[in-house]
Amino acid sequence: MSSLDRMLTILDLFDENLMSIQLDHAIQATGASKATAYRYIQSLCHRGLLAPAAGGSYVLGPRVIELDRLVRKMDPLLSSASPLIRAAGSRLNVNIMLCSFYGDKVMCADLAWPDASIEQTYERGRPMPMFRGAMAKIILANLTPYQLRSIMLWHAEGIREAGLGENWEEFRSRMSKLRRAGFCMSRAEVFPGLIGISAPIFDADQRVLGSVVFIIPEERYDADPGAPYQAAIIELAASITSDIAKRSAGSPAGAGRAARPRKARAAGRELAEKGAA
């Protein structure tokens, strides 16, 4: 691992269970000496990615806010999907979530929430289970064989626990079936009482960028099982994909590409568990 990788590992420490860090956290996460870990933190502070806080702790810095604003303005997935999910949500009176992914994380990127009778349990930036829920499974199903093999290698236990396959052949077969279907439906896998129906979103080169998902109360779905939710979500995802391709053709930068899956950093997980204890 390069020194740059070690320094960036410090940012991986932050999550909802660990909102601020101490120098000792950085030492443990990077395996560096106290002096080197301190230099890493100071470099991140200098760039605005960290900021000093009370008691010798450090929190995420203002540069993160600035970067989030740029993402909202420039990200191809958000630019194309945000107006379309709001129009569809209003027309169908269905709550819709837009999901993106990087490495081994799937997260909420945007929401359209016209049905206020459902508590808004999702929020932008909130990570989702990697192997549960329609939003994540349809992304997995459209990854390359290389990516799926890497995920199976790193997360075989999680895949088995989610019922996605006991081995590589079973996992590949289930993902292939989902990919051919073009949509995924899950019932109460992430939050009780809610059904998710999702479809994948692609860039101009047909690489999966994320997913769009209807979030429907079970009682509403069961009361009208013939409602064309599956066709509607596939159509919405196709419209977003088409808009991304059009925008990409007119932009020299093209559409964004999601990072390959990576193994979750053990140090970050361990520290998060300690913070939650």
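**View 1. Tyr122 and its neighbours.** Leaving aside residues up to four places away in sequence, Tyr122 touches Met97, Leu111, Trp113, Met128, Met135, Val190, Phe191, Leu194 and Ile215 (contact means heavy atoms within 4.5 Å). This is a predicted model, in which local features need pLDDT of at least 70 and side-chain atom pairs count only at pLDDT 80 or more, while totals for chains, interfaces and linings use all residues. Residues are numbered from 1 along each chain as its sequence is written, and side-chain values use heavy atoms, with hydrogens and water left out. Tyr122 is buried, as its relative accessible area is 5% (buried means under 20%, exposed over 50%, partly exposed in between, with a 1.4 Å probe and protein chains only).

**View 2. An aromatic pair, Tyr122 and Phe191.** Together with Trp113, Tyr122 and Phe191 form one aromatic cluster.

**View 3. Another aromatic pair, Phe214 and Tyr229.** This one is also edge-to-face, at 6.5 Å centre to centre and 75° between the planes. Phe214 is buried, with a relative accessible area of 0%, and Tyr229 counts as buried at 9%.

Methods
Rings of Phe, Tyr and Trp (its six-membered ring) pair if their centres lie within 6.5 Å; planes under 30 degrees apart count as stacked, over 60 as edge-to-face and the rest as tilted.
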